[in-house]
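Subject: Structure handover

Hi,

Here is the structure I promised to pass on. My notes on what turned up follow below it.

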Amino acid sequence: MARARITGSADAAALRLERLGRLQSLTEALSAAATGEEVARIVFERGLALADASAVAVFRERTPGELELLHGAGISEEFASAFRRVFLDEPLPVAAAVKGGEAVWLRSRREIAAQFPTLLPLAEREGVEAWAAVPVSQGGGRGSIALQYDAPRAFDEEERAYLVAAVRQCVQAIERARLFDAHKRLADRLQHLQLTVATLSAAATPHDVAAVAFRALGAIGACAAEIHALRGADRLALLARYGRAAGEEAGVASIDAPTPAAEVVRTGRALWLESPDEIEGRYPHLAKERASREEGAWAVVPLLASGRALGALSVAFPQARRLEGDERTFVRLVAQPCAAALERSRLFEEVARSRAEAEGTAALLGGLYGAAPIGLALLDRDLRFVRVNDVFGRADGVSPEAHPGKTPLDVLPGAAGEQLHAAARTALLDGEPVERVVVGETLADPGVTRRRATSAFPVRVDGEVVGVGVLLRDA
């Protein structure tokens, strides 16, 4: 009897030492891991052996009251499909562990059937004889680790402590790796953003803007990007698409159209559609288009300038995916310089159009001055010549090029200059046309008195008198 007790104590001590050695080995391996992928590989390759489990699954609280399956090793496709999302009010070990904050230990299939009868059919099909669920904290949120066993387990106090320690060791390593990967990812994305802002400063067209946005969004796995912009108050135009299905014919639609871009511009709120089901549930008429492009998730954010939505940036991803907070922030940050670039492009187009119109008007005015069969002149509000035609120059004997900046008194000697100046001044002050006959000499014919009919009239722009026009012809 004493020998049996000694032997049992020795076996227990050996098992304890073995478990401590396993924990130490796991700790060393996890400490040497540099990336999240390495940590996950170590956890799932060595963690199973550490826990003597046949399968392990990691759950995290996705939204309040809902868990999602993050990782799994040894689990079946049926398990992954059935428990991809778990609500905390469901009668399941992982939910009970998170909700109660204590581990759940099911030592045999009989205990599984007694406490969680809905699991029994799965346990029978997959040969699960024991089950454990350990609550953990992950990234400031809650979660649970599920362990399956193909043989009954004692789950005595020492084994429970060992499993909890092993699980928490793995979770801490995963969290460290998550933070490391998050910092690296943030640094990469900041670099992308800096390059994007610098490149967008030179983008001259909407297609250039879409191309730059697409390259930046490749950092989070985007497969396409679209730029929509307002045209007037009630029309929305697809300006450019980059990525999959690029080069599709651009079109214009009503701002009230049932499309993501139109909805975002109308409401000013972003849309995050993380799966084909979400997309087609909200926009069933776009199901065929989405499927043809092989897109699994959409992010659509407003392009804001001076507090108003001037368009939308639409981003497509090849598979369904959860758009995490940092990814949503990244999309919004890419949208900001895109909006500024589009606004610059719009202003540039307006300036170019105004310049072209001004040049056209100037050319037309020049043609009018050159073709007019009578003397024609324009004076500013100080009654200084701005422009005269050749006929006017021949009439007063001064070349058209010598008139700008001079007054009628400077180019017409004596009474003729005074009469013309008085007529122009009256038209400027009264805002009405003035008809006069100017009599006197000109530099063209010194000593010869000429009579010329003169019409002086105010020139208005947007209702404001900006100068005086003068017509001069033989009386």
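The side chain of Glu68 makes a polar contact with the side chain of Arg322, at 2.9 Å. A polar contact here is a pair of N or O atoms within 3.5 Å; within protein, one must be able to donate a hydrogen and the other to accept it, and residues adjacent in sequence count only if both atoms are side-chain atoms. Glu68 sits in strand S2 (residues 66-73). Its relative accessible area is 12%, so Glu68 is buried. The cut-offs: buried is under 20% relative accessible area, exposed is over 50%, and partly exposed is in between (1.4 Å probe, protein chains only). Beyond its neighbours within four places in sequence, Glu68 is in contact with Val58, Phe59, Arg60, Arg62, Arg84, Arg85 and Arg322. Contact means heavy atoms within 4.5 Å.

Some ground rules. This is a predicted model: local features need pLDDT of at least 70, side-chain atom pairs count only at pLDDT 80 or more, and totals for chains, interfaces and linings use all residues. Residues are numbered from 1 along each chain as its sequence is written, and side-chain values use heavy atoms, with hydrogens and water left out.

Overall figures

The protein has 15 helices and 17 strands. These are DSSP runs, numbered from the N terminus: helices are H or I with at least four residues, strands are E with at least two. Of the 475 residues, 43% count as buried. Take contacts between residues at least 6 apart in sequence: 48% of them join residues at least 24 apart. The accessible surface comes to about 24500 Å², and 54% of that belongs to carbon and sulfur atoms. Areas come from the Shrake-Rupley method with a 1.4 Å probe; for residues, only the protein chains shown count as cover.

Nonpolar cores

The largest nonpolar core has 31 residues. Leu217, Leu303, Leu313, Val315, Phe317 and Val334 have the most contacts inside it. The elements giving two or more residues to this core are helix H8 (206-217), strand S7 (224-231), strand S11 (297-305), strand S12 (308-317) and helix H12 (325-371). H12 supplies the largest share, 8 residues. A second, separate core of 25 residues includes Leu69, Val104, Ile112 and Trp131. By definition, a core is a set of buried Ala, Val, Leu, Ile, Met, Phe, Trp, Tyr and Cys residues joined through side-chain atoms within 4.5 Å.

Leu303 touches, among others, Ile227, His228, Leu313, Ala335, Cys338 and Leu342. That list does not count residues up to four places away in sequence.

The six-strand sheet

An open sheet of 6 strands runs in the order S9-S8-S7-S12-S11-S10, with antiparallel pairing. Two strands pair if DSSP finds at least two bridges between them. Strands S9 (252-254) and S10 (271-273) are the edges, each pairing on one side only. Neighbouring strands are turned by 25° against each other on average, direction ignored.

S7 is mostly covered, with 6 of its 8 residues buried. S7 pairs with strand S8 (residues 235-243) over 8 bridges. Ala225 stands opposite Tyr242, and Ala229 stands opposite Ala237. The S7-S8 hairpin has 3 residues between the strands, and Gly232 takes a positive phi near 75° there. S7 also pairs with S12, over 6 bridges. His228 has Ala312 as its bridge partner in S12. Helix H8 lies across S7, S8 and S12, at about 50° to S8. Axes are lines fitted to C-alpha atoms, for helices over the stretch in contact, and angles run from 0 to 180 degrees between N-to-C directions.

The five-strand sheet

A second open sheet to look at has 5 strands, in the order S14-S13-S17-S16-S15, again with antiparallel pairing. Strands S14 (385-388) and S15 (434-442) each have a single partner strand, so one side of each is left without a neighbour in the sheet. S15 and strand S16 (residues 445-461) are joined by 8 bridges. Val438 has Arg452 as its bridge partner in S16. Helix H15 (residues 414-430) packs on the sheet and touches S13, S15, S16 and S17.

Arg460 is also in S16. It is partly exposed, with a relative accessible area of 46%. A polar atom of its side chain lies 3.1 Å from the backbone oxygen of Gly431. Arg460 and Gly431 are 29 residues apart in sequence and 9.2 Å apart in space, C-alpha to C-alpha.

Best regards
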